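Welcome to my notebook. I had a look around this structure and jotted down what I found.

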Amino acid sequence: MTHAHLEPSPAVAARTLRVGVFGATGYTGQLLIELLRRHPHVNLHFATSERERALEDGTPLLPADSAPLAEVDAVFLCLPNGVSGGVAARAVAAGVRVVDLSADLRLESAALYEQTYKMPHPAPQLLPAPYGLPEIGRAQLRQARYIANPGCHVTAVLLALYPLARAGALSDAPIIADTKTGVSGAGKEPKPESMFCEVYGDVKPYNVGRRHRHVPEIEQALRKLQPDCGALIFAPHLVPLEVGLLATVYATLKPDWTLERAYAEYQAAYAAEPLIALHPLGRAARIREAAQRNGAVVGVSEGQGSTLILTCAIDNLRKGASAQAIQNFNLMFGLPETAGLL
Ligand SMILES: NC(=O)c1ccc[n+]([C@@H]2O[C@H](COP(=O)([O-])OP(=O)(O)OC[C@H]3O[C@@H](n4cnc5c(N)ncnc54)[C@H](OP(=O)(O)O)[C@@H]3O)[C@@H](O)[C@H]2O)c1
């Protein structure tokens with residue numbers, strides 16, 4: 001696959017793009033700024049916070065309402081759900097490209113958003129938005145005016161299943177996805193359940209079954225790839241790590257599929273992907289292989305009979321959020337897809 005390595009036109013390569021980051025004091029915003037500072041084609045023009053006036057490194061911060069949208073080429077939105085969509089709408093109206101890290105633009109239907117997030121959709125006019133998981137749909141991201149960056153659990157579960165779903169290999173049996181995520185996944189805002197004494201020494205399932213807000217997002221993407229695949233049973237776990245997310249997915253193949261044929265689909269899908277490392281057949285991915293790194297690690301292992309065990313490890317703040325946002329930004333502007341990421 002050569003698409004991931006396209007060189008930018010000389011005009012784009014020579015250009016420095018001005019960007020703004022909304023929500024710069026949060027976990028994803030801080031990391032995004034760190035990554036953008038090393039990006040060869042980016043100049044950070046402004047960053048926002050409602051509570052702080054500067055980052056620890058001295059970067060000045062503005063309130064979101066006074067951000068000079070007219071002066072930038074693109075903005076990254078690292079804002080809470082429900083806030084982000086309104087800022088996205090303002091930016092799009094001002095002709096500025098947007099990568100939204102929140103959930104506001106991810107679900108294609110405002111009604112499904114309202115059912116899932118229990119609030120009115122802040123910008124239904126932007127739906128459906130191009131969905132920014134480049135490995136499963138790069139073409140629509142090139143030249144996109146705005147992109148919905150996927151959820152972290154969603155990224156890991158979809159990358160674990162994508163080659164099978166693309167090939168139509170999944171049976172209609174339920175797909176069981178177990179994820180384990182570090183505590184930064186809950187953001188920087190203090191919450192009792194994220195406190196050290198609540199998290200340390202424990203592994204806690206939460207919102208198990210179909211109650212987690214990422215279930216509709218995973219199913220929306222999976223059904224587009226393979227409409228007849230089984231329903232998702234999802235069990236996220238909070239583990240005492242700062243960053244990292246592991247998805248362990250139990251999926252059953254249709255009768256005419258074998259483990260070897262399934263693995264060949266993973267090789268075909270991921271061999272040329274610059275941000276995906278596919279393990280040899282039988283080796284599972286682990287969080288340590290992906291934490292503090294910008295890509296994902298995928299493993300395919302034998303389960304029992306036609307049931308496979310698929311694993312995908314990512315850093316929730318990187319391939320699960322900020323690094324993926326930069327990958328999407330690069331695609332939007334015709335830059336090398338991994339600029340600033342390798
Ligand atoms: N953490 C993850 O692993 C992860 C992964 C994927 C996606 N996401 C999504 O990315 C977004 C940011 O996540 P995060 O973990 O970085 O959250 P966070 O650590 O809680 O940061 C949220 C940011 O939003 C700002 N903010 C809060 N309320 C605001 C308001 N009303 N108006 C304007 N700014 C406001 C906060 O800054 P001030 O309080 O200083 O204004 C802060 O900079 C969320 O939508 C989250 O769901 C997070």
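**Around the ligand**

I began at Leu101, where a polar backbone atom lies 3.5 Å from an oxygen atom of the ligand. I took a polar contact to be a pair of N or O atoms within 3.5 Å; within protein, one must be able to donate a hydrogen and the other to accept it, and residues adjacent in sequence count only if both atoms are side-chain atoms. On its own the ligand exposes 890 Å², and the protein buries 83% of that. Accessible areas come from the Shrake-Rupley method with a 1.4 Å probe, and for residues only the protein chains shown count as cover.

A note on the source: this is a predicted model, in which local features need pLDDT of at least 70 and side-chain atom pairs count only at pLDDT 80 or more, while totals for chains, interfaces and linings use all residues. Residues are numbered from 1 along each chain as its sequence is written, and side-chain values use heavy atoms, with hydrogens and water left out.

An oxygen atom of the ligand sits 2.7 Å from an N or O atom in the Thr25 side chain. At Tyr27, a polar backbone atom is 3.0 Å from an oxygen atom of the ligand.

Which residues come nearest to the ligand? I found Thr25, Thr28, Ser49, Glu50 and Leu79, out of 27 residues around it (a residue is near if one of its heavy atoms lies within 4 Å). I sorted the shell into 10 nonpolar, 12 polar and 5 charged residues. Here Ala, Val, Leu, Ile, Met, Phe, Trp, Tyr, Cys and Pro count as nonpolar, Asp, Glu, Lys and Arg as charged, and the others, Gly among them, as polar. Helices α2 (27-37) and α9 (318-332) each give the shell at least two residues; helices (H or I, at least four residues) and strands (E, at least two) are DSSP runs, numbered from the N terminus.

**Two domains**

I then looked up the domain assignment, which gives domain 1 (3-150 + 320-332) and domain 2 (153-316); such bounds come from an automatic or database assignment. Each domain supplies at least three residues of the ligand shell. Their centres, taken over C-alpha atoms, are 24 Å apart.

Between them the domains bury about 2,200 Å², 55% of it on carbon and sulfur atoms. Buried area is the accessible area (1.4 Å probe) that two parts lose on being put together, summed over both. Tyr27, Glu135 and Ile136 supply 27% of what domain 1 buries against domain 2, more than any other three residues.

My last stop was the loop between α4 (110-117) and β5 (146-148), which holds Pro128. A cis peptide bond joins Leu127 and Pro128, with omega about -10 degrees. Gln143 is in the loop between α4 and β5, and its phi is near 70 degrees, a positive value in a residue other than glycine. Most residues other than glycine have a negative phi, and most peptide bonds are trans.
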